[in-house]
Amino acid sequence: AKASLTGEFCFYDVEMDEAARDRTKMAKELWAAIDAKQFHLNYQVQKSVSTGDITGYEVLLRWYHPERGLVSPVDFIPVAEECGAILPIGEWVLREACREAAGWPVDHKVAVNLSPVQIAHTDMPALVHQVLLETGLKPSRLELEITESSIFSDKQRALHALRAIKALGVSIAIDDFGTGYSSLETLQSFPFDKIKLDRSFLIDVERSEEAKAMVRAILALGQGLRIPVLAEGVETSHQLDILRHEGCHEAQGYLLGRPMPIDKQLLTEAA
Ligand code: C2E
Ligand code: CA
Ligand code: CA
Ligand code: CA
């Protein structure tokens with residue numbers, strides 16, 4: 001009603017409508033994408049900083065849409081979360097990753113991202129238990145990565161679910177640590193098995209003493225709490241040298257390996 005009074009508002013509303021229509025269209029496509037086999041899993045290697053040994057692989061979801069092409073998870077995960085399609089998609093990712101990892105010739109960990117929506121709307125401990133039984137993957141080989149926001153919305157429920165998952169022998173990493181909602185309080189309220197230091201901290205670490213001080217402080221925090229720290233987004237050998245010097249445990253990033261299908265990587269490893 002108000003919108004019809006001025007051209008400006010009218011234009012704005014049309015744009016909003018368009019954005020909403022786009023999201024609705026994408027939401028519909030997301031619901032159909034599993035059956036259409038449009039999802040694929042990429043894996044990005046995680047390595048020990050001191051030895052260079054592979055410790056695990058993070059699973060990163062890829063959506064190949066026939067018309068849109070490759071859609072970034074940054075663009076479709078929020079839509080999938082909003083419309084609920086993240087529940088079947090997230091379940092598919094978990095099952096597929098565990099199934100694949102159970103067949104690897106090596107016993108590296110597989111790290112799967114969990115959406116806050118999954119924690120809020122699914123009985124995750126039951127699902128994880130069922131998938132482990134189904135696939136035969138050893139619980140100690142599964143790691144779930146959660147961001148702080150998943151704990152934030154319904155803290156009691158989330159902590160309860162995380163404890164039940166940990167009791168299965170599965171480990172839990174706090175993702176994107178140091179950004180957004182992440183607080184020291186959360187770190188204290190749950191015994192995480194790993195801290196994933198957000199990529200943003202590494203961007204300036206080579207040039208800025210302040211950035212280095214931040215990295216050093218988070219590593220000291222991990223040390224004090226006896227939680228190993230993995231640095232995300234390592235792109236240069238200089239960054240890796242700094243991390244080694246500062247006592248960081250694990251690293252992940254383009255320098256160590258791009259996300260890619262697993263077959264290629266396991267073959268390279270075997271060679
Ligand atoms: P994330 O969990 O923080 O994943 C790390 C992201 O950083 C990945 O982006 C990865 O490709 C990228 N990355 C890795 N190394 C480097 C580097 O050295 N430099 C730079 N610039 N980037 C690097 P990707 O694959 O686009 O995924 C983006 C986000 O989408 C993920 O962030 C995660 O939050 C979400 N996501 C991906 N797969 C899933 C999934 O299966 N389930 C859920 N719920 N979320 C997912
Ligand atoms: Ca992650
Ligand atoms: Ca991350
Ligand atoms: Ca992220």
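Author: It's a predicted model. Asp175 bridges the calcium ion (ligand 2) and the calcium ion (ligand 3), and the two ions lie 3.9 Å apart.

Reader: Which residues coordinate the calcium ion (ligand 2)?

Author: Four are listed: Glu58 through OE, Asn113 through OD1, Glu145 through OE and Asp175 through OD. The distances run from 2.1 to 2.3 Å. Along the sequence, the spacing of these donor residues is E-x54-N-x31-E-x29-D.

Reader: And where do Asn113 and Asp175 lie?

Author: Asn113 is in strand S4 (residues 109–113), and Asp175 is in strand S6 (residues 171–177). So the pair ties together parts that are 62 residues apart in sequence.

Reader: Asp175, buried or exposed?

Author: Buried. Its relative accessible area is 7%, and buried means under 20%. Asn113 counts as partly exposed, at 30% relative accessibility.

Reader: What about the calcium ion (ligand 4), what are its protein donors?

Author: Both donor entries are OD atoms of Asp176, lying 2.7 to 3.0 Å from the ion. Asp176 is found in strand S6. The calcium ion (ligand 4) is 5.9 Å from the calcium ion (ligand 2).

Reader: Switching to ligand 1. Which residues come nearest?

Author: Gln44, Arg62, Arg199, Glu235 and Tyr254, out of 21 residues around ligand 1.

Reader: How much of ligand 1 does the protein cover?

Author: The protein covers 82% of the 810 Å² of accessible area that ligand 1 has on its own.

Reader: Now the inside. How many residues has the largest nonpolar core?

Author: It has 71 residues. Those with the most contacts inside it are Leu30, Tyr43, Leu94, Val110, Leu142, Leu144 and Phe192.

Reader: Which helix gives the most to this core?

Author: Helix H3 (residues 86–102), with seven residues.

Reader: Take Leu144. What does it touch?

Author: Leaving out residues up to four places away in sequence, Leu144 touches Leu94, Val112, Leu114, Val128, Ile165, Val170, Ser171, Ile172 and Ala173.

Methods. Residues numbered from 1 in each chain as written. Chains lettered and ligands numbered in written order. Predicted model: local features only at pLDDT ≥ 70, side-chain atom pairs only at ≥ 80, totals over all residues. Heavy atoms only, no water. Donors = N, O, S within 2.8 Å, 3.2 Å for Na, K, Ca; no water. Helix = DSSP H or I, 4+ residues; strand = E, 2+ residues; numbered from the N terminus. Buried < 20%, exposed > 50% of the residue type's maximum accessible area, 1.4 Å probe, protein only. Core = buried A, V, L, I, M, F, W, Y, C linked by side-chain atoms within 4.5 Å. Contact = heavy atoms within 4.5 Å. Near = heavy atom within 4 Å. Areas by Shrake-Rupley, 256 points an atom, 1.4 Å probe, with all protein chains shown as cover.
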